[in-house]
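Thanks for coming, everyone. Today I want to walk you through one protein model, piece by piece. Please have a look at it first.

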Amino acid sequence: MRIAINGTGVAGPTLAYWLRHYGHEPMLFEKAPKLRTGGYVVDFWGVGYDIAEKMGLLPRLHELGYSMEELRMVDADGEPKARMKGDTFRALTDGRYVSIARGDLAATIFDACDGIEARFGRSIVGLRQHDAGVRAAIDDGTHEDFDLVVGADGLHSHVRELTFGPESDFEHFLGFQVAVFIAPGYPRRDELVFVSHTIPGRHLARISLHGDETAFLFIWRSERNPEGGAFPETDDDKRRLLRHVFADMGWEAPDALALLDGAENIYLDRVSQIRMDHWTKGRVALVGDAAACASLLAGEGSGLGMTEAYVLAGELAAGDHERAFAAYEQRMQPFVVGKQQAAMRFAGFFAPATKRAIWMRDLGVRMASVPWLARMLMGSSLRDEIELPTYDTPEPKAGEAAHPAPTLWA
Ligand SMILES: Cc1cc2nc3c(=O)[nH]c(=O)nc-3n(C[C@H](O)[C@H](O)[C@H](O)COP(=O)(O)OP(=O)(O)OC[C@H]3O[C@@H](n4cnc5c(N)ncnc54)[C@H](O)[C@@H]3O)c2cc1C
């Protein structure tokens, strides 16, 4: 089948890779003019890691990534208040864990798609489904016919909007905003340490990256649209908002904010989940954050997106998209919704609302330095209760009825 994938992030190229593996003809669209490397650092483990292994990507991911040694909570003077060793996390994941810039993860997956057509600076802007396929309108004014179209275009998916309706029907704002920017030349460096300072409702962390770059991560409690008006879209608006919220935070906030002027591509967004009862409609499907963003609080969004892509492609191996779409939802939705619900339990981790809650959070981090306590506190949330199916010898499941998944978010 000829299958268009809108979005060349993490889930999109994973889907393209596996679709081609099963003999389909995927085509990628990406609105950005080129693939971006770098960006914020994501922790990568679990079932997504297993899929990366199946794709032969692990050596490259470990080469580009970071083997983090410490999570360190510091006070306003930079003195450590709580620490957790990276070894604790590695032990809980049997060493199958790497931290890597999101862009580097996406680029590594994309590199494995060599030979698959990818159109950068291009986006699907209209969809018309008919009995035999989908006619997609491309933003260069052309139209193309596909058997299926998949939205892998992230939290603010346009394919989702075109097919299922407005984002507001599916977005569940979790009460936080997040911003990340990367700047060269920050003088304080703590290699392989996530250094973090929290005051009630506000969190700032930095990670020293390869070369002389530093990533700054801001998380704060807020209304959906912080100043009542439009959500900040331009870098200038984002700078203004960050200065407004963090100027009096203390610790290294003034120094970090001073670097904002030179920073480009500032990432600033709401912390939200996407909750949908169905990820497919007719000949259109969603994967990754477009379908079921669990938010950065889940800490496993990349792996979940890759897993959805792997399963969707695998189910499509036998053709028959109606059966495949139903099987995809049935297999993946309970697992992913469980992850979304687990993420809610960690919602306050980065930016607790009160001093007492920060104290409790730091106590939890200290306790997690003890291996058996770590296993008790975090073990179950790091385990992925899903068995990855193998699709290498797909059998058309004749007679198996496609029936809709149950309502998951009542
Ligand atoms: C600060 C932060 C920290 C995070 N930490 C972690 C972590 O530790 N571990 C983890 O696993 N995950 C983490 N995540 C989540 C993770 O980044 C996402 O879950 C993951 O990137 C989702 O992959 P995706 O391919 O679905 O979407 P994305 O990676 O967002 O990719 C979507 C792609 O679609 C493109 N696109 C968007 N709109 C269009 C359009 N209209 N037309 C064409 N292309 C379009 C975008 O340019 C992008 O390339 C974090 C997220 C944030 C914000």
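One term before we start: two residues are in contact if their C-beta atoms, placed from the backbone, lie within 7 Å. Also keep in mind that this is a predicted model.

So, which residues does V149 touch, leaving out those up to four places away in sequence? The list is A4, I124, L127, V134, A136, V159, R283 and V284. V149 also belongs to the largest nonpolar core, which has 119 residues. Together with L15, F218 and V287, V149 has the most contacts inside that core. As background, nonpolar side chains in soluble globular proteins tend to be buried together.

Let's take β12, residues 171–184. With β16, residues 267–274, β12 pairs antiparallel over eight bridges. With β15, residues 213–221, β12 also runs antiparallel, and nine bridges join them. Look at A179. Its bridge partner in β16 is L268. In β15, the partner of A179 is F218. We met F218 among the core residues with the most contacts.

Where is the pairing parallel? Strand β4, residues 70–74, pairs that way with β13, residues 193–199, over five bridges. There, L71 has F194 as its bridge partner in β13.

Note on methods. Residues numbered from 1 in each chain as written. Predicted model: local features only at pLDDT ≥ 70, side-chain atom pairs only at ≥ 80, totals over all residues. Pairing = 2+ DSSP bridges. Helix = DSSP H or I, 4+ residues; strand = E, 2+ residues; numbered from the N terminus. Core = buried A, V, L, I, M, F, W, Y, C linked by C-beta atoms within 7 Å. Buried ≥ 20, exposed ≤ 12 C-beta atoms within 10 Å, placed from the backbone.
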